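Here are my notes on this model, point by point. Please read them with the structure open.

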Amino acid sequence: MAIPRVFLTTTLTVALAMAMVATIVPQAEATRAFFVFGDSLVDTGNNNYLATSARADSPPYGIDYPTHRPTGRFSNGYNFPDIISQSMGLPLTVPYLSPELNGQRLLNGANFASAGIGILNDTGVQFANVLRMFNQFQLFEQYQQRVRATVGADRTRQLVNGALVLITLGGNDFVNNYFLTPFSPRRRQFSLPDYCRYLVQEYRKILMRLYDLGGRRILVTGTGPLGCAPAELAMTASRNGECAPEPQRASQIFNPELFQMLQSLNREIGSDVFITANAFAMNTDLINSPQRYGFVTSRIACCGQGLYNGLGLCTVVSNLCPNRDAYVFWDAFHPTERANRVLVQQLMTGTTEYMYPMNLSTIMALDAKL
């Protein structure tokens, strides 16, 4: 008896789908997923798909990326999460809004970060359409729904629980909110110490939401020394490269409060879910002793204009250094690829001064035994 064509086509389609799932699942078990949340320090291109001015999709951004084209990363090449992926032997995380995030790539994790955002929803309002933290978490829920439709609920839960999660927030809440104008609404509302405490309280809610969504190994970076960015040196007309005092004071108040909160959360949960990355100490070492790491300058940005190349945006008409590897800062706020590599090395192997309660290499070794 002849088999009806519709039945044959349906059978082949189902068989093909089952075969695709069978080939995807073992790879998902073998490769740890990596999820990234936060701001421009870790955005790999989500803002390319949004109507916002907070974008890095024009030259000379990406000049040292393998394609030598802008990717949406605020870097001359690879950025912080890219180098973490490379150091762990993982595929690069794809921006969640990218149409390229499908199939096997979906099971490798995703990047939800968006330049311009902060802990607070009113941070970066001047950038209009960006993915604030509640938006990033909505997309993370959507991501999990997509994965469940492919591999089922149990395997999705295993993938998310077993993933490494990176979250980087806080800098914009100062430079693009509290210090944005001399009489900003948050400045009128809070003294600087009170504002820092408020930020940490709000950050705690974000981190607990991330835990509720399945995160079990969450790497939390504090802010760097905000007053030492070329933008801050330029705005305060620093004479000899001294860091701007008020943003620097903000970092010195905020980071210890954040680290104490993370330790408190771990005690409450009864596990080392939250790993503290002391970005302030890491960056301060790099900025204070650039020659020790092979850099020429940590004060002047490679790309920009004005004092310290710290004014305005990095564009095709900006000053552009010929050797990006000699500079700690790529633009007014963001590190070069090479600077990020130095920072990630501290992440991987640093002492408890930089990574608490353990570095990323130790985490990988411990989790491999589970």
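**Notes on the predicted model**

1. Start with F333. This residue sits in the loop that joins β7 (319-320) to α12 (337-349). The model is a predicted one. F333 has 36% relative accessibility, so it counts as partly exposed. Together with M235 and L311, F333 makes a nonpolar surface patch of about 290 Å² accessible area.

2. Next, the sheet. Six strands form an open sheet in the order β2-β1-β3-β4-β5-β8, and the pairing is mixed. β2 (109-111) and β8 (355-356) are the edge strands, each pairing on one side only.

3. Look at the pairing of β4 (residues 218-221) with β5 (residues 274-277). These strands are parallel and share four bridges. I218 has F274 in β5 as its bridge partner.

4. Helix α8 (residues 192-212) lies across β1 (34-38), β3 (164-168), β4 and β5. The helix runs at about 160° to β3.

5. D194 is partly exposed at 37% relative accessibility, and R197 is partly exposed at 36%.

6. Is the D82–R73 salt bridge made by buried or exposed residues? D82 is buried at 0% relative accessible area, and R73 is buried at 6%. Their side chains meet at 2.5 Å, N to O.

7. Compare E100 and R105, whose salt bridge spans 3.0 Å, N to O. E100 is partly exposed at 49%, and R105 is partly exposed at 40%. The salt-bridge count comes to 14.

Notes: Residues are numbered from 1 along each chain as its sequence is written. This is a predicted model: local features need pLDDT of at least 70, side-chain atom pairs count only at pLDDT 80 or more; totals for chains, interfaces and linings use all residues. Side-chain values use heavy atoms; hydrogens and water are left out. Patches are made of residues with over 30% relative accessible area and no salt bridge: like charges are joined within 9 Å, nonpolar side chains (Val, Leu, Ile, Met, Phe, Trp, Tyr) within 5 Å. Accessible areas come from the Shrake-Rupley method with a 1.4 Å probe; for residues, only the protein chains shown count as cover. A salt bridge is a side-chain nitrogen of Lys or Arg within 4 Å of a carboxyl oxygen of Asp or Glu. Helices (H or I, at least four residues) and strands (E, at least two) are DSSP runs, numbered from the N terminus. Buried means under 20% relative accessible area, exposed over 50%, partly exposed in between (1.4 Å probe, protein chains only). Two strands pair if DSSP finds at least two bridges between them. Contact means heavy atoms within 4.5 Å. Axes are lines fitted to C-alpha atoms, for helices over the stretch in contact, and angles run from 0 to 180 degrees between N-to-C directions.
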